[in-house]
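Subject: Structure for your records

Hello,

Here is the structure you were waiting for. Please look it over before reading the notes under it.

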Amino acid sequence: FTGAAPQRIGPYRVLSVLGTGGMGLVYLAEHEELGRRVALKVIHSVFAQTPKARARLQREATIASRLDHSGICPVYEVGEADGAPFLAMRFVPGTTLARAIADSLAREQRPVALPARDGNSGIAALLRFGEDAALALHTAHEAGLVHRDVKPGNLMVTPDGAPVLLDF
C-alpha cells in the first residue's frame, strides 16, 4: 500500500495511521464483522514481494502468538490483502516510551513522566514500569524467545502506566 491510507485491508476498515517504521505502516483498524479495533501492521509495497520480509512478518506472528502475558502485544491474525502481508495485533492505547522520554526532556522534567500507577508517581512509577517490562521479557525468555530489539520505541506506555512490548 502506498500513498493515502486505504479504506479497507482484508476484513478490516482502516480508521487512521498509527505510525510508520522501516518495514511498513501501522494502522488503527476495525474488524468489520467482529467490531474489534486492532493495530494493523502492513509491509511497505517495496518489501511486500521479498521472501525475507514475508518470512520476518510470519516469524513475528508465530513468536508473538506463542506468548500470553499482559505486557506482550498479542497477534490476532496474519494475512494478506491485495498482495500485501499484514499482522492484526491488539491495539494498545497510549504512547511509546521513546515519546514519553522525549516529551519529558522537552519539558525538562526529570524523572521521565509516566502516568501514576498503583498510587505511585515519579521514580516509583518508573521503577514499576521497568520491573513490569522485565517480567514480560522474562516470560518471553522462559518460552525460549529473545526479543532482540528492546528499545523505548518498542515499549508502549498504556494510559495507566503499564508497559507493553511490541515488535517481536
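The notes below cover charged side chains and aromatic rings.

Please keep in mind that this is a predicted model.

Salt bridges: the count comes to 10. Arg 8, Arg 13, Glu 30, Glu 32 and Arg 37 are joined in a network of such bridges. Within it, Arg 37 pairs with Glu 30 at 3.8 Å, N to O. Arg 37 is partly exposed, at 45% relative accessibility, whereas Glu 30 is buried, with a relative accessible area of 17%.

Another salt bridge links Arg 128 to Asp 118, with the closest N and O atoms 2.2 Å apart. Arg 128 belongs to helix H4 (residues 123–142) and Asp 118 to the loop between helix H3 (97–106) and H4, so this bridge ties together parts 10 residues apart in sequence. Arg 128 is partly exposed at 32%; Asp 118 is exposed, with a relative accessible area of 54%.

Lys 151 and Asp 149 also form a salt bridge, at 3.6 Å from N to O. Lys 151 is partly exposed at 39% relative accessibility, and Asp 149 is partly exposed at 34%.

Surface charge: a positive patch is made up of Lys 52, Arg 56, Arg 59 and Arg 148. Lys 52 sits in helix H2 (residues 51–65) and is exposed, with a relative accessible area of 71%.

Aromatic rings: there is one aromatic pair. The ring centres of Tyr 12 and Phe 86 are 5.9 Å apart and the planes stand at 80 degrees, so the pair is edge-to-face. Tyr 12 is in strand E2 (residues 12–20) and Phe 86 in strand E6 (residues 84–90), so the pair connects parts 74 residues apart in sequence. Both Tyr 12 and Phe 86 are buried.

Regards

Conventions. Residues are numbered from 1 along each chain as its sequence is written. This is a predicted model: local features need pLDDT of at least 70, side-chain atom pairs count only at pLDDT 80 or more; totals for chains, interfaces and linings use all residues. Side-chain values use heavy atoms; hydrogens and water are left out. Patches are made of residues with over 30% relative accessible area and no salt bridge: like charges are joined within 9 Å, nonpolar side chains (Val, Leu, Ile, Met, Phe, Trp, Tyr) within 5 Å. Accessible areas come from the Shrake-Rupley method with a 1.4 Å probe; for residues, only the protein chains shown count as cover. A salt bridge is a side-chain nitrogen of Lys or Arg within 4 Å of a carboxyl oxygen of Asp or Glu. Lys and Arg count as positive and Asp and Glu as negative; His and the chain ends are not counted. The place of a charge is taken as NZ of Lys, CZ of Arg, CG of Asp or CD of Glu. Helices (H or I, at least four residues) and strands (E, at least two) are DSSP runs, numbered from the N terminus. Buried means under 20% relative accessible area, exposed over 50%, partly exposed in between (1.4 Å probe, protein chains only). Rings of Phe, Tyr and Trp (its six-membered ring) pair if their centres lie within 6.5 Å; planes under 30 degrees apart count as stacked, over 60 as edge-to-face and the rest as tilted.
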